[in-house]
Amino acid sequence: MFADLKILLVEDNEHLREEMLDFLARPGWTVHGVDCGEELNTYLSQNTPDVVLLDVNLPYEDGYSITARLRTTHPDIGIVLLTARVRPIDRATGYQAGADVYLTKPTNTDELIAVIENLGKRLKRLEMQYFILDRLAGKLRTPEGRSCALTHSELRLIELLALSAGREVDVDQMLTGLSVKDERTATKESLAALISRLRSKCKTELEVENLISASRGLGYRLTVPIQLN
C-alpha cells in the first residue's frame, strides 16, 4: 500500500460519494469529497491533492472540462475519470482533456487501488525534482531540503505565479490577487518591493538566483518548478 497520498473525489451522487470515501479511507491516505466544479475550486484554493477521482457527468461543468482546467493549473497531479460512458470516443475525449486513466463504472476496486498507487509513486518521484510551497507552514523548500519562512504576502505571490503553470502573470493580475488576499490595495511600487525582498531572501537562504524573472510587457514568472502543498 502506497501511503501519504491526498485524494480528492468529485462525485455529485451523495450516496456513492460517501461509499467511495469510506472505501478509500485507509492508512496513509487523506480523502476528501466534493460534489461539483465550484466546490472543487474552493478546495483547491487551500489544498493540492495528489490524485483527483473525477466523475464525468457533473452539474454545471462536466468532468472533461474540469480535467482540461486541472491539467493546466496543476499539471503534475494524477487525474482519474470515473464514468458509465463506455464508447471509444468518450475515452478518447477524456485522454485528450488530460486524464491519466479512464475507468468505467461500476469500477473494479482492485483496479482502482492499483491505479491510485501507481499514480502516487509517479507523483512522489516528481516531488523530488520540485520546490515545495508548504502553504500551511508558510515555507518554501528546495529539492535538496533547504527552506525559508515566508510572509503572508510572499507566500501569496509565489502561489499566484505557481498557478500560472509556467506562463507570465501580468502586473494587473498580480495586484488583484494580492489585494484580494491581503484585504488591502497593492500597488506597482509595493509589488516591486515585495519581489525584490523575496529574490534577496531566496538567494541568501535557499541559494536560488533570481527566483522570479520579469519579461518586459508580459509580466513575471517563476524560474524554478514549484509544487503547491
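Tutor: P106 is found in the loop between β5 (101–104) and α5 (109–127); helices here are DSSP runs of H or I with at least four residues, strands are runs of E with at least two, and both are numbered from the N terminus. The bond to look at is the one joining K105 and P106: that peptide is cis, with omega about -5°. Keep in mind that this is a predicted model, where local features need pLDDT of at least 70 and side-chain atom pairs count only at pLDDT 80 or more, while totals for chains, interfaces and linings use all residues. Numbering runs from 1 along each chain as its sequence is written, and side-chain values use heavy atoms, with hydrogens and water left out.

Leaving aside residues up to four places away in sequence, T83 touches D55, V56, N57, Y102, L103, T104 and K105; a contact means heavy atoms within 4.5 Å. T83 counts as buried because its relative accessible area is 1%, and the cut-offs are under 20% for buried, over 50% for exposed and partly exposed in between (1.4 Å probe, protein chains only).

A search of the whole structure turns up one aromatic pair, and it is Y95 with Y102: tilted, 6.4 Å centre to centre, with 45° between the planes. For such a pair, ring centres of Phe, Tyr or Trp (its six-membered ring) must lie within 6.5 Å; planes under 30 degrees apart are stacked, over 60 edge-to-face, and the rest tilted.

Y60, in the loop between β3 (51–55) and α3 (63–73), has a positive phi of about 75° although it is not a glycine. Y60 is exposed, with a relative accessible area of 83%. E207, in the loop between α8 and β9 (212–215), likewise is not a glycine and has a positive phi near 60°. At 58% relative accessibility, E207 is exposed too.

Four strands make it up, open and with mixed pairing, in the order β8-β7-β6-β11; strands pair if DSSP finds at least two bridges between them. β8 (147–149) and β11 (226–228) are at the edges with a single partner strand each, so one side of each has no neighbour in the sheet. Within the sheet, β6 (residues 131–134) and β11 run parallel, joined by three bridges, and F131 stands opposite I226 in β11. Helix α8 (residues 188–205) packs on this sheet, touching β7 (139–141) and β8, and its direction makes about 140° with that of β8. Axes are lines fitted to C-alpha atoms, for helices over the stretch in contact, and angles run from 0 to 180 degrees between N-to-C directions.

Zooming out, the protein has eight helices and 11 strands in total, and buried residues make up 47% of its 229 residues.
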